[in-house]
Amino acid sequence: MISIKHLEFRYPRGGFRLRLAALDIAERERVAVVGASGSGKTTLLELIAGIRRPGAGVIEVAGQDLAVLTDRQRRGFRVRRVGLIFQAFELLDYLNVRDNIMLPYRISPDLEATDATAPRLEQMTRDMGIIERLERFPHELSQGERQRVAICRALITAPDLILADEPTGNLDPDNKQRVLKLLLDQVERHAATLVMVTHDHDLLAPFDRVLDMRALHGVTNP
Amino acid sequence: MTDILYLAWRYLLFNRWKTAVLITAITVTMFLPLALELVLERSTERLRARAAATPLLLGAPGSPLELVLSSLYFNGEVPATLSYGTVQAIGDTGLATAIPLQIGSRVGGKPVVGTSPDYFSFRELTVARGRPIALPGEALLGAAAARTLEVSPGESVVTESETVFDVTGSYPLKLHVVGVLNANGTPDDEAVFVDVRTAWIIDGIGHGHEDLSRPEAAANVLQRDGENIVANAAVIQYREITSTNLRDFHFHGDISDFPLDAIIAVPADDKSGVLLEGRYQAPTTSVQAIRPVVVMDELLATVFTVRQYVLAAVGLVGVATFATIALVFVLSARLRRGEIDTMKRIGAAPGRIGAMLGAEIALVLATSVVFAGTLTWFATLWGESLLHWMLSAGA
């Protein structure tokens, strides 16, 4: 699913530099990425998502080299093939749960809802235990419920790849395990690949592989 | 596009108070100059048209503006009166038709205008219901006055007493409504027309009481000296002119000395008008002759000057308001940086996000335009009444 070779990235105005000789992640593999703060975990996710363009090297996702795509092509690729989950949920406070989940369809002309979209939303929210909350707004939800909404938003387009940046970082211990289980169930159900950044070593057990950024030997901080 | 509008609409709806404040500010900023411009334009057209339709106006020396406002628009009172003899004098010259105007009392807030039958033909007023005035004590109502007072021909109205505590003041007189005029969109619609003699009776100059020469009135007679009879205060005063007591109404004194607020002079031709105007130009004369259109043009010139200042002030306030509103949108976009970043990261193009923010502004502006347009439309309906009221308050 993901193949990275000789990756080099540097922020334009910062001293941070990420180098990665090689990294391969198979389809439907569940990979956890761990490492200290500033080790480049989030940057790696953003490079895989096509949010950032590498300075050098190759990032292939689902057979597509992201480095050669234009901004517009990378946006189109991302919205169709990649689902993103953020630590702070990043829900839009003025949209209810239903509209938040459907947000990718509203903000991108590359996506169009089909007859299957509404049943998919219903099934997912039922599975996630938030079907009764569809008309509620984010401020009316608990932290755990908000993250479940964010997971649904990432999965509504049926992406091949889920990139989660510390999705349990803002949750209490009980909610962490519950949300992680729900995420893994959904990833399994939708036959997607998962790359999840986390600081929490208690959550690593269900993953197929754990990548330690220190072991990748390519991160330099000034 | 539908999705962009939907997101913009959801944002505005969620932040409804902020949206309401913005729409209100923009609406007021657009409405004020628009309404001011339209109302002034339409009102001045009508004000000027009435003045232009009145060739010459005569009154006692004093403020020409007050004379015009009271005589043409029935607003305020003239500071001094001239005598009825002037009507006769103008008639004697053969230069013009003189139409007397005596605007003294009120009925339900509507001015009672005492005049002659010439007034109706001069103003091209036609009777919609009933008939014209034939006798003292009869009233012909303007369309709006009849509607407001809720009276029809055959019914009656009573003039307002000047003051409850003024024992020398005129008493109310019951007027018989004999007709209602067709509406013509002028102050005549609001007036209650009576014969000039009726107006004098209302003012207490003429009066009617029981015949003191009759034996049944003897109890009220204090002294008889030839034709002079002195009666006490118990003598019955008539407050309604009927066919039976009409002959008991009379005036003491010379009619040519009776007061008038103004006289409309309708010259036979332009030359006659100039000649007549010239007769009253001497500084020693006790009558002033004015051309109402000249007076109104002076007033309107002042109004337009004030309008320019007001528009300039409103314009400055508008610029400040729009600058503040622009700042609100810019600050709002900054506060929403996280939300914008999230949408970008999910896959939204910057242009699409810009379009969404633009749609929010467009929706606010469009709503404001609709509100401002609606308010302006209402202002054009009621603005003239407002201006009328403002003029009368200032007079």
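Author: Let's start with A:Thr168, which touches A:Gln147, A:Lys176 and A:Leu203 once its neighbours within four places in sequence are set aside. Keep in mind that this is a predicted model.

Reader: Where in chain A is A:Thr168, and why is A:Thr168 called buried?

Author: A:Thr168 sits in the loop that runs between strand S7 (161-165) and helix H7 (173-189) of chain A. Its relative accessible area is 3%, and buried means under 20%, so A:Thr168 is buried.

Reader: What makes A:Pro104 buried or exposed?

Author: The relative accessibility of A:Pro104 is 4% and the limit for buried is under 20%, so A:Pro104 counts as buried. A:Pro104 belongs to helix H4 (residues 103-107) of chain A. Beyond residues up to four places away in sequence, A:Pro104 touches A:Val79, A:Leu111, A:Arg153, A:Ile156, A:Thr157 and, from the other chain, B:Ile346.

Reader: And A:Glu60, why is A:Glu60 given the label that it has?

Author: A:Glu60 comes out at 33% relative accessible area. Buried needs under 20% and exposed needs over 50%, so A:Glu60 is partly exposed. You'll find A:Glu60 in strand S4 (residues 56-61) of chain A, touching A:Met1, A:Ile2, A:Ser3 and A:Asp65 when residues up to four places away are not counted.

Reader: On to the two chains. How do you know that chain B and chain A touch, and how many residues are in contact?

Author: Contact means heavy atoms within 4.5 Å. On that rule, 20 residues of chain B are in contact with 23 residues of chain A. The area buried between them is about 2,100 Å², with carbon and sulfur atoms giving 63%. B:Phe14, B:Arg345 and B:Ile346 provide 36% of what chain B buries against chain A, more than any other three residues.

Reader: What makes the pair B:Arg345 and A:Glu46 a salt bridge?

Author: The cut-off is 4 Å between a side-chain nitrogen of Lys or Arg and a carboxyl oxygen of Asp or Glu. In B:Arg345 and A:Glu46 the closest N and O atoms are 3.3 Å apart, so the pair forms a salt bridge. The count between chain B and chain A is two salt bridges, and the rule for polar contacts finds nine residue pairs across the interface.

Reader: Which helices of chain B each supply at least two residues to the side that touches chain A?

Author: They are helix H1 (2-14), helix H10 (337-346) and helix H11 (350-394). H10(B) gives the largest share, seven residues. By class, that side of chain B has 10 nonpolar, three polar and seven charged residues.

Reader: What makes a group of residues a nonpolar core, and which have the most contacts inside the largest one?

Author: The members must be buried, from the nonpolar types on the core list, and joined through side-chain atoms within 4.5 Å. The largest such core has 55 residues, and those with the most contacts inside it are A:Ile4, A:Leu161, A:Leu163 and B:Met343. A second, separate core of 39 residues includes A:Leu111, A:Leu171, A:Met196 and A:Leu204.

Reader: How much of chain B counts as buried?

Author: Of its 395 residues, 44% do.

Technical notes:
Residues are numbered from 1 along each chain as its sequence is written. Chains are lettered from A and ligands numbered from 1 in the order in which they are written. This is a predicted model: local features need pLDDT of at least 70, side-chain atom pairs count only at pLDDT 80 or more; totals for chains, interfaces and linings use all residues. Side-chain values use heavy atoms; hydrogens and water are left out. Buried area is the accessible area (1.4 Å probe) that two parts lose on being put together, summed over both. A polar contact is a pair of N or O atoms within 3.5 Å; within protein, one must be able to donate a hydrogen and the other to accept it, and residues adjacent in sequence count only if both atoms are side-chain atoms. Helices (H or I, at least four residues) and strands (E, at least two) are DSSP runs, numbered from the N terminus. Ala, Val, Leu, Ile, Met, Phe, Trp, Tyr, Cys and Pro count as nonpolar, Asp, Glu, Lys and Arg as charged, and the others, Gly among them, as polar. Buried means under 20% relative accessible area, exposed over 50%, partly exposed in between (1.4 Å probe, protein chains only).
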